[in-house]
Amino acid sequence: MHDAAKSTHIGQPVRRKEDQRLVTGKGKYSDDYCVPGQAHAVFLRSPHAHAMIKSIDVKAALEVPGVIMVLTGADRLADGLKPLPHNPMSTHKAETPLENSDGTPPFTAPHYPLAHDRARYVGEAVAIVIAESVAAAKDGADAVEIDYEVLPAVTATLAAAAPDAPKVWDNAKSNVGLDAVVGDRAATDAAFKRAKHVVKFETWAQRVTGVTMEPRAAVGAYDRESGRYTVYAGSGGAVKLKQDIAAVLDVPADKVRVLMDDVGGNFGTRGEVYPEFAVLAWAARRAGRPVKWTSERQESFLSDYQGRDLAVSAELALDADGNFLAMRGSNVSNAGAHTVSYAPLKKGLGIMSSIYRMPAVFFRARVTLSNTMMTRPYRSAGRPEVMYVMERLIDIAAFECGFDRVELRRRNLLTEAELPYTNPFHMTYDNGDYHGAMDAALKLGDWAGFAQRRDEAKKRGRLRGIGLANYVDTSTGAPRERTDITVRADGTVEVVIGIVSQGQGHETAYAQLAGDWLGVPVESVQLITGDTDIVKVGGGAHGGRGMRMASLVIWNATREIIKKGTRIAARMLECDPSMLKFVGGRFEQDGSEKSVGLFEVTKAAQTLADLPEDLRGPLAATCDQVHHEASFPYGTHVCEVEVDPETGSVQIVNYAAVDDVGRAINPLLIHGQVHGGIAQGAGQALYEQCFYDAASGQLLSGSLMDYALPRADTLPFFKTEISEVPSNTHPLGIRPAGESGTTPALGVVINAVVDALSEFGVKHVEMPATPERIWRAIHGMAPPASPNNR
Amino acid sequence: MPVVTMTVNGQRVSAEVEGRTLLVQFLREHLRLTGTHVGCDTSQCGCCTVHVNGQGMKSCTLLALACEGATITTIEGLAVDGKLHPMQEAFHEHHGLQCGYCTPGMIMSALDMVRRKGNDLDESTVREQLSGNLCRCTGYHNIVKAIQAGAAAMKRS
């Protein structure tokens, strides 16, 4: 398949087809939908982290000019809406299984789209106000009287997991929803006993959030005659959103249509159904007209799914030569108020030992609920956290035990001969050249020349540090995907697929695949993804599945089209099908000048009278496939920072990345993915945090003035290099590229910061490594008084 | 309700607006020019950047009535007869956009940067001048390259 799939567009930095509309302001994002007769809505949200809703009085609100209707949780209850159909436990076959140690099922609780009895986090929606304009809806919301009885709340991860913490759910034994162990305790303890060195690391990979530049927005509509709902809502995928909204409305899935065009970013934030989307559909039925809502940024900070939030305590055992013997510890993931996703804990834990030889492990893994917005996978579910922990452990071991950082990694890094390798968490890596990637990154980042740059910086009064981090990522997203490809007589090829783009450039990359394999120009391939009346099956964009799954189904469907086309062409050319070969979009007859083109064949398929049933109609094929095997992206990043010792401020001055994608379809897009991924990882390392005040449960980082994002002047140009060692678990050799930038970035940036501070004996700086934290570390002071966020 | 009149992308437009209407609401909702985006409530993200009387401004913090008589250019006003402006072309050529949501504001800010700083823009100037525009997809790498290339191309064209 590798050779057969060689071609002219694949591997080329084809400029994006989608750009023409996006650079001219003609993109169509969710707030750009304007449905005739639409009313406008605002959501009323709980101002308390935990409170009983004793009563809601809407009378005054209904008297506000322009207000049409107010719907509350009690109305939702009376109308029989169902909970959001979350499935917190990821069930992918390639993953580490996690079960409660006491044999009970993981705790789950119904997540209703408007709270009726109790609000469990600041920002939980409790009512919707529908009005003629957003301004009128806001005025109406101000007039709604809600009587809350405030209850004790807990937001911090370890505090929430404590047995005496205020309970988020009364019917649960505690806030701990899942308490599992993985590994071999006896073998691990024995290894620690005979170890020459043991290093310990306690940390908190803090809560961050996606901050998609396009805030969420949606329009719900309802057609009384057909009983069908239409929801215009940018999301991670259309098909699952349709099914989930239908489940909440308690109607068959075909009674809901979901539509989306351009979507302004995802990163995992848009990967799960939201309460607001279902409420808008229901509100449209109740109001008798379409209802539109657009989130404001402060609302996004409160109500978009958040990410990370993992408290880790880990130990690494080494022998005298630096060989890793074992690893043990505890991971606690903060899932927030509702049981939406336990996947970050699970998907991270499975690769905790990264791509190093690790004979034994034993870990306790817990999920705790808390009075915060819910978390779910965010640009590499759970993986950046654990890569950060592993790479910090190695640097701490080097620092405390006198090993060279590079040699310590090289000694323990798996070799090609050891692959495939089943790690002690039971995940099996495919092939790869881990040493090659590390050597290439060290070269690209000029590791050898660092001492000179450090000395030069010293003269300018700057502390310069360098770090490296290896990583592995996983790709265990939804394993089923489908495409329907039709060759049209007008010279276009239509590709229907269930993977919506939120900026990844699928219109171009998938067109490269279909274009190459059908021998047609990229421009003539049209992608359809965001209309569930057309797209019936598909898993959306997440878990490194976009190119991995799309390439498989597009490959198989195009092979089928060529197979069918060959039979039709044979009739047209009056020869045996075996005499035809398909070259550059034409069916050519061996040993003659005769040939017919793909588009002529599709015309014939629609007009010839004597075709068998299966060849009639336009030339088309469907591939609906399940692919359970994961391929594992890997690579190495090298980062250099400069610290101003006077202020503790830090600047990334050099960043080199080598990332293996197995096979690059469009290097332009891959480099772009890596750049953006690095920025998100560096953002977490240095700037970002969803800051819940432990005393009040309030989110203090509720705007872009409080939540620090990387800006153009806080990042350098990145040096990125693509490695291509085809994966042997994917028929086309592909490994995902979308998460590679972020996964090692947390660890590599902190490793560089700590290295810059090495002369002060600093062992670690927590994320985000703010000037205050760095300045205190330089001066040997305790970290800032913690509001117990961890 | 008061009436506001302005020239938007070369066309004179006039409409009744509530006093609290922001320029960006006027553009998006009254004129249906939806290329200008809203990404925040606090003038941080720059998605809503347009040109008011030739100067780059964040249209989410201007009242429509304050623009009485003004000349406004939005992202929709840059391409002439379907031919991309050199700055738009540079964003395409250098892959300076992914989801595209920040892009109109980035391009309008880039043009304002050229107006103020000239066509020969070094990396640190672009980065510093761009601190009022946020992007979550690109890590700014290709945006900076695109602006440098676009500014240079404007000089040639």
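Which residues does A:E315 touch, not counting residues up to four places away in sequence? They are A:F192, A:V198, A:V199, A:K200, A:A326, A:M327 and A:R328. The model is predicted, and it includes chain A with 790 residues and chain B with 157 residues.

**Chain A overall**

- Chain A contains 20 helices and 28 strands.
- Its radius of gyration is 28 Å, in agreement with the value near 28 Å that a compact globule of 790 residues would have.
- Along the principal axes, the C-alpha atoms of chain A occupy a box of roughly 85 × 75 × 55 Å.
- Buried residues make up 64% of the 790 in chain A.
- Of the contacts in chain A between residues at least 6 apart in sequence, 81% link residues at least 24 apart.
- Chain A has an accessible surface of about 26700 Å², and carbon and sulfur atoms contribute 50% of that area.
- Chain A carries 84 positive and 96 negative charges, whose mean positions lie 2 Å apart.

- A:E315 sits in strand 13, which covers residues 306-318 of chain A.
- With a relative accessible area of 15%, A:E315 is buried, since the cut-off for buried is under 20%.
- A:L757 is found in the loop that runs between helix 19 (745-756) and helix 20 (771-778) of chain A.
- The relative accessibility of A:L757 is 0%, so this residue counts as buried.
- Leaving aside residues up to four places away in sequence, A:L757 touches A:L463, A:V643, A:V762, A:V765, A:I774, A:A777 and A:I778.
- A:M327, one of the residues touched by A:E315, is 430 residues from A:L757 in sequence and 27 Å from A:L757 in space, C-alpha to C-alpha.

**Chain B overall**

- Chain B has five helices and five strands, arranged along the sequence as β-β-α-β-β-β-α-α-α-α.
- The radius of gyration of chain B is 15 Å, which agrees with the value near 15 Å for a compact globule of 157 residues.
- The box filled by the C-alpha atoms of chain B is roughly 45 × 30 × 25 Å along the principal axes.
- In chain B, 57% of the 157 residues count as buried.
- Among contacts in chain B with a separation of 6 or more, 60% come from residues 24 or more positions apart.
- The accessible surface of chain B is about 6100 Å², with 47% of it belonging to carbon and sulfur atoms.
- The 14 positive and 14 negative charges of chain B have mean positions 4 Å apart.

**Helix 2 of chain B**

- Helix 2 of chain B spans residues 86-93, and its buried residues are B:M87, B:Q88, B:A90, B:F91 and B:H92.
- The cover over these buried residues includes helix 1 (19-22) of chain A, as well as helix 3 (103-117) and helix 5 (141-156) of chain B.
- After helix 2 of chain B comes B:H95, which has a positive phi, near 55°.

**Cysteines**

- Over all chains, the structure holds zero disulfides.
- B:C45 is in no disulfide, and its nearest cysteine sulfur, that of B:C47, is 3.6 Å away; the cut-off for a disulfide is within 2.5 Å.
- B:C45 is buried, at a relative accessible area of 3%.
- B:C67 is also in no disulfide, with the nearest cysteine sulfur, that of B:C48, 12 Å away.
- The relative accessible area of B:C67 is 2%, so B:C67 is buried.

Methods
Residues numbered from 1 in each chain as written. Chains lettered and ligands numbered in written order. Predicted model: local features only at pLDDT ≥ 70, side-chain atom pairs only at ≥ 80, totals over all residues. Heavy atoms only, no water. Helix = DSSP H or I, 4+ residues; strand = E, 2+ residues; numbered from the N terminus. Rg over C-alpha atoms; globule rule 2.2 N^0.38 Å. Buried < 20%, exposed > 50% of the residue type's maximum accessible area, 1.4 Å probe, protein only. Contact = heavy atoms within 4.5 Å. Areas by Shrake-Rupley, 256 points an atom, 1.4 Å probe, with all protein chains shown as cover. Lys, Arg positive; Asp, Glu negative; His and termini not counted. Charge placed at Lys NZ, Arg CZ, Asp CG, Glu CD.
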